[in-house]
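This report describes a predicted complex of two chains, taking confidence, fold, interface and a few individual residues in turn.

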Amino acid sequence: MRAVGGVGALALVAGRTAWALRGLERRELARGLVQFGFGSLPLALATAALAGVIVVVQAALYIQRFGARAFLGWAAGYGVLWEFGPLLLGLIMSARIGARNAAELATLKVGGQIEGLRGIGLDPFALLVAPRVVAMELSMLALSTFTFLVSILCEAVAAKLTLDLPVRVFFGTFAQMLSPSDILSGVVKTGAFGLAISLVSTAVGLRAKGGAKAVGEAAASAVVLGCAAIFLLDFLLTTVLSRVLG
Amino acid sequence: MKRVLTFFGAPGVMLARTVRAGTREGIPWRETLAQVHELGGRSVWLVMSGMAFFGAVLVMIANAQAKKLIGNVAVLGPAYFEMLVRELGPAVSALLTASRAGASHSAELATMSVNEQVEALEMSAGDPYADLVAPRVVAGVVGVPLLSVLGTLAATASAVIVASVALNIDGRAFMDARYVDGWDLLVGGLKVVACGLYIPLAAAVAGLNARGGAEAVGEATTEGVVAASLGCLLIDLTVSLAFQFVRL
């Protein structure tokens, strides 16, 4: 019953956001882009570097055992582009942006400021929700390219350091056996995660009721629901994309 | 530089204070049990469903990779299972717990400190470290390993089902424990215990430092979740690298 209500609220927020796109508040959009995109850059790049090194360190075990050193570039690149890059970026951004979005909107809601906006004839969706959703989507798409770049560079360096694999060999199989469609799948996944995070967190934030306690609860449940949505979408998108692109 | 020092130092200081206060005052066991339920019982659906989807995705990705090289994904089964036990089961379960428990712990503690309940506790001769932080830390150290065992089981089960049903191969290869030895269990165990220790500490640092009104609660929650998630990734990498260097 609660799940149905949640999906309904999400659909309502998505619909009203799409409707409000025409009257999008430009200044709020710019603020969102700076905050979500530029502000998350250090965190996203640190996550990307960690993801790259972790994938190589794990793959190194099997590469040594099966003696397939030359294929590391392809295997590690595939792992980061298809799964670990988008997934880890999504989880970290759900923690950072999802929680913050929900907390900000819940603070406004709890303080009665959303009612105030409605009272003076302004649409809170055009003013608060739509700019956040658009800014999050653009930021995630932009961050995904940086993430992939950094994590693949880190993979090459980690392969050189742990397995003593020449960087040229790493990028040899990487370039030979991966195609642009693999990069596209990573970007599509990241974009979908970004949309899910922003919609879920704004929907949760707007439903908050109570005092300071409600703000904390909204932020916490935005993170949890965002994570659940990411894992579900990851499964669905992998199924669809591997049919379409594979 | 200051932020990096805070990131590593503050949880360390928090741990030292909690251990000192916990040994001096004793840990309230009833509260600890409640926290185990809060962290474990209420995260279990998130961890298990997330890990089930994750296991299914991994099998599909392994299948796509195997198609290019050897043609038969079942060969990868035992290696896949070892990787799940050693690396992905602990890491992803801990990450999921970090977002669930990190957020709710820091939100709770931030609400308490904003409403001056922590000061009220001190006024009535309670110790916030012993009464609030220590039960959460114990719950994390107990709960996160249990959750990661359940998560790994869920991922394995869904991998076997997806391999048998969707890919038409013998799915039992994905639960073949041929390569799993004591070292893999040790690496996985170390990761989850360290994450279980780190998540409540990071959340407590963010939560107890919150000052202000409703806005501060939101900020503290964000900070706690981000620190807990990033810390889990770092712990995972550190343990993996350490064992990689000694070749075990």
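Helices and strands are taken here as DSSP runs, with at least four residues of type H or I for a helix and at least two of type E for a strand, numbered from the N terminus. On that basis chain B has 7 helices and 0 strands, and its elements, read along the sequence, follow the pattern α-α-α-α-α-α-α. The C-alpha trace of chain B spans about 70 × 35 × 35 Å along its principal axes.

As the model is predicted, its confidence values deserve attention before any local detail is read. For the complex, the predictor gives an ipTM of 0.87 and a pTM of 0.90. Chain B averages a pLDDT of 86, with 98% of the residues scoring at least 70, while chain A has a mean pLDDT of 86, with 99% of its residues reaching 70 or more. Within chain B, the lowest mean pLDDT among the elements, 85, belongs to helix α1 (residues 2–25), and the highest, 91, to helix α6 (residues 182–208). In chain A, confidence is lowest in helix α1 (residues 2–20), at a mean of 80, and highest in helix α8 (residues 180–206), at 90. Where pLDDT is low, predicted coordinates should not be read in detail.

The contact between the chains takes 47 residues from chain B and 49 residues from chain A. On the side of chain B that touches chain A, helices α2 (29–69), α3 (77–114) and α7 (214–245) of chain B each supply at least two residues. The largest share of that side, 18 residues, comes from α7(B). By class, the side of chain B that touches chain A consists of 26 nonpolar, 14 polar and 7 charged residues.

| Residue | Exposure | Other C-beta atoms within 10 Å |
|---|---|---|
| E116(B) | exposed | 10 C-beta atoms |
| A125(B) | exposed | 7 C-beta atoms |

Most residues other than glycine have a negative phi. Which value does phi take in E116(B), which is not a glycine? The phi of E116(B) is positive, at about 60°, and this residue lies in the loop between α3 and α4 (117–123) of chain B. A125(B), also in a residue class other than glycine, has a positive phi near 65°, and its place is in the loop between α4 and α5 (128–165) of chain B. E116(B) counts as exposed because it has 10 other C-beta atoms within 10 Å, where the cut-off for an exposed residue is 12 or fewer.

In chain A, R69(A) sits in the loop between α3 (41–66) and α4 (72–110). Leaving aside residues up to four places away in sequence, R69(A) touches I63(A), L163(A) and L165(A). The C-alpha atoms of R69(A) and F170(A) are separated by 8.8 Å, although the two residues are 101 residues apart along the chain.

Methods: Residues numbered from 1 in each chain as written. Chains lettered and ligands numbered in written order. Predicted model: local features only at pLDDT ≥ 70, side-chain atom pairs only at ≥ 80, totals over all residues. pLDDT = per-residue confidence, 0-100. Contact = placed C-beta atoms within 7 Å. Nonpolar A, V, L, I, M, F, W, Y, C, P; charged D, E, K, R; others polar. Buried ≥ 20, exposed ≤ 12 C-beta atoms within 10 Å, placed from the backbone.
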